[in-house]
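Hi,

Here is the structure I promised to pass on to you. Please have a look at it first, and then read my notes below.

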Amino acid sequence: MPGTHNFWRPSLTGYAKSSPAEHRPAEKSLKIVVAGGFGAGKSTMVGAVSEIAPLSTEETITTASTSTDSLAGVEAKTTTTVAMDFGRITLPLQNVQLLLFGAPGQSRFLYIWDDLSLGALGAVVLADTRRLADSFDVVAFFEKRAIPFVVAVNEFEGAPFQYTPDEVREALELPPAVPVLRCDAREKRSARNVLLSLVEHAADTARATSPALQEVHS
Ligand SMILES: Nc1nc2c(ncn2[C@@H]2O[C@H](COP(=O)(O)OP(=O)(O)OP(=O)(O)O)[C@@H](O)[C@H]2O)c(=O)[nH]1
Ligand SMILES: [Mg+2]
């Protein structure tokens with residue numbers, strides 16, 4: 001049928017060479033955790049980049065949580081994630097689809113993080129420079145479990161200071177191999193760029209830690 005030949009066109013060897021990569025189903029699904037401190041922009045990032053309507057579990061912040069979760073720096077926040085966010089994005093060139101699990105940020109929900117991280121390929125640690133200290137525990141969480149991560153500095157206009165990725169790397173005492181990049185969690189392209197960087201970093205980490213993979217790829 002004219003005009004439709006570019007869509008999934010099965011051939012004896014799978015999909016026809018002429019079908020564009022973005023229309024082919026991805027071969028693998030990989031789990032990614034989007035983590036970070038309270039209000040760092042995790043739900044925003046999952047929502048911005050997801051190709052499906054994201055699942056979110058937002059609830060209104062009540063005064064009941066103010067004794068455990070400080071709103072300093074994020075006073076305008078009225079809702080919070082109480083379980084997780086879920087979204088999905090296909091990376092056609094890498095032939096994978098990423099299943100995105102946004103973690104809750106309030107400390108009273110931290111017990112969910114272990115389950116969310118089971119089997120994850122890697123994690124995005126969103127750093128909010130208004131509350132950079134929140135990122136320490138998040139970085140430690142993934143380091144302890146040997147889950148590869150990238151640090152994405154989500155820049156809020158209202159932040160009193162702007163920090164370069166190098167300054168954030170130094171402040172968080174990150175090893176040189178961990179990518180640190182700026183992002184705007186509201187922008188699809190920016191969020192996608194962060195995820196691409198993570199997939200690359202996870203592949204590099206796997207090659208570096210597995211001699212067998214090293215041989216295959218050398
Ligand atoms: N200016 C600006 N606002 C942002 C950015 N990213 C997120 N926001 C806003 O910040 C607020 C908090 O974002 P969320 O995505 O809910 O943050 P979260 O990390 O999921 O929060 P918790 O789940 O409560 O920990 C929302 O009002 C967003 O619109 C950004 O890059 N710049
Ligand atoms: Mg959230």
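**Overall fold**

Of the contacts in the chain with a separation of 6 or more, 69% are between residues 24 or more positions apart. Please keep in mind that this is a predicted model. The chain has six helices and 10 strands, and 32% of its 218 residues count as buried.

**The core**

The largest nonpolar core has 43 residues, and Ile32, Val34, Val124 and Val125 are those with the most contacts inside it. Several elements supply at least two residues each to this core: the strands are strand 3 (28-36), strand 7 (96-102), strand 8 (122-128), strand 9 (149-154) and strand 10 (180-183), and the helices are helix 1 (42-49), helix 3 (134-144) and helix 5 (188-209).

Leaving out residues up to four places away in sequence, Val34 touches Lys42, Met45, Val46, Leu100, Phe101, Gly102, Ala103, Val124 and Leu126.

**Helix 5**

Helix 5 has 22 residues and reaches 32 Å from its first C-alpha to its last, close to the 32 Å expected at 1.5 Å a residue. Its buried residues are Ala191, Val194, Leu195, Leu198 and Ala202. Seen down the helix axis, the buried residues of helix 5 fall within an arc of 95 degrees, so they line one face of the helix. An α-helix has 3.6 residues a turn, so residues three or four places apart point the same way. On the face of helix 5 turned away from the buried side sit the exposed residues Arg189 and Ala208.

**Around ligand 1**

Which residues come nearest to ligand 1? Of the 20 residues around ligand 1, these are Gly41, Thr44, Thr80, Thr81 and Gly105. Helix 1 and strand 5 (79-81) are the elements that give two or more residues to this shell, and helix 1 gives the most, with three. By class, the shell has nine polar, six charged and five nonpolar residues.

Leaving aside neighbours within four places in sequence, Thr44 is in contact with Ala185 and Arg186. Thr44 and Arg186 are 142 residues apart in sequence, yet their C-alpha atoms are 5.9 Å apart in space.

I would be glad to hear your thoughts once you have looked through it.

Best wishes

Key. Residues are numbered from 1 along each chain as its sequence is written. Chains are lettered from A and ligands numbered from 1 in the order in which they are written. This is a predicted model: local features need pLDDT of at least 70, side-chain atom pairs count only at pLDDT 80 or more; totals for chains, interfaces and linings use all residues. A nonpolar core is a set of buried Ala, Val, Leu, Ile, Met, Phe, Trp, Tyr and Cys residues joined through C-beta atoms within 7 Å. A residue is buried if 20 or more other C-beta atoms lie within 10 Å of its own, exposed if 12 or fewer, and partly exposed in between; C-beta atoms are placed from the backbone. Helices (H or I, at least four residues) and strands (E, at least two) are DSSP runs, numbered from the N terminus. Two residues are in contact if their C-beta atoms, placed from the backbone, lie within 7 Å. The expected span of a helix is 1.5 Å times one less than its number of residues. The arc is that of the directions from the helix axis to the C-beta atoms. A residue is near a molecule or strand if its C-beta atom, placed from the backbone, lies within 6 Å of it. Ala, Val, Leu, Ile, Met, Phe, Trp, Tyr, Cys and Pro count as nonpolar, Asp, Glu, Lys and Arg as charged, and the others, Gly among them, as polar.
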